[in-house]
Amino acid sequence: MKKILVTLLIMLTYGMSASAKEKLYILNSGSTGGSFNGQMTAYAEDLSKYYDVEYVQGKGCNKASANIDKITNNGGQVFYIWNGLRTADYYNKKNDLCGKIPSEQNFVNSVLKYGIFFTTQNGIDKNNIFKSGIKVGYNSNTYQRYLQELMNSHGVEWQLVRYENSKGVRLGVVNNEVDFGMINSAASYWKKTKKLKLKALFTLNSNGENDITALADVSDFKGAGNGIADMFLLEGGDNIKLRKIVSKILNDPDSKISLWYSTAKGYTQTVDMDLNEAIEVTENAIENWVKR
């Protein structure tokens, strides 16, 4: 009887060990109400089939970097989203803690996207934005520099109004605090355009996008066609393994993350590219925003 019990205990223990999932921390480096949180929440649900997932909030470079270091220093692995504009801030010597750089050792995926200028349905006409005195909302140091350079190239002086995030920019536009806003992702615009009655003015996609006029069509400014990349990186674990799983999830139209992207416009995935090609494309998008 004792032998039977011991055998059963060994089998039970072995079965539990065989089915145990690796621990994976999923970190949102953006605000709790933004698109980063939406994407990482969807990923958390999808990845829970493969990992023992724990979700962590880490808004901003300082808090996110501290959480990433804490997890990896304790032997854990953390999958996180990182705005390429923040890496550009690092290269531009704005914040040493923003320096998350894609590499063969950490890269999982990235999404390429383009900034957008927008207003309300009854707001300023796109043909009238290049005039002095116009109020423009934005939400990052990088965009402040960009807008200043754009003004200089057109010989105008806008009044720039800083907001904390893209949601703040949208509300600033809706509340008529500014004449138009600039955010780094058209997807954020599309998700709220009907509810908030927004109107697109220009896209930084030099080919135009979803019937929005390209800024490059009306401006000779050298940055008129700048795109940006949001990166999905893994520290403390096997990024190649996770990249294969993420590819499988993204290619499943019924996954939570696929359904999230299906309601957004303006994202291009790099997960099915060759790893080095995807990293190069991502790095090139970041370079658009680095001072020369």
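Contact here means heavy atoms within 4.5 Å. Helices (H or I, at least four residues) and strands (E, at least two) are DSSP runs, numbered from the N terminus. Axes are lines fitted to C-alpha atoms, for helices over the stretch in contact, with angles from 0 to 180 degrees between N-to-C directions.

The model is predicted: local features need pLDDT of at least 70, side-chain atom pairs count only at pLDDT 80 or more, and totals for chains, interfaces and linings use all residues. Residues are numbered from 1 along each chain as its sequence is written, and side-chain values use heavy atoms, without hydrogens and water.

Helix α7 lies across β5, β8 and β9, and runs at about 155° to β9. These strands belong to an open sheet of five, ordered β7-β6-β8-β5-β9, with mixed pairing; two strands pair if DSSP finds at least two bridges between them. At the edges are β7 and β9, each pairing on one side only. Neighbouring strands are turned by 30° against each other on average, direction ignored. Strand β5 pairs with β9 in the antiparallel sense over five bridges, and T120 stands opposite L198 in β9.

| Element | Residues |
|---|---|
| Strand β5 | residues 116-120 |
| Strand β7 | residues 159-162 |
| Strand β9 | residues 198-203 |
| Helix α6 | residues 166-174 |
| Helix α7 | residues 186-196 |

Helix α6 packs against α7 at an angle of about 30°, their axes 11 Å apart. The two helices are therefore roughly parallel, a term for angles under 35 degrees. S166, R170 and V174 of α6 meet S188, K192 and L196 of α7 in this contact.

Conventions. Angles under 35 degrees count as roughly parallel, over 145 as roughly antiparallel, 65 to 115 as roughly perpendicular and the rest as oblique.
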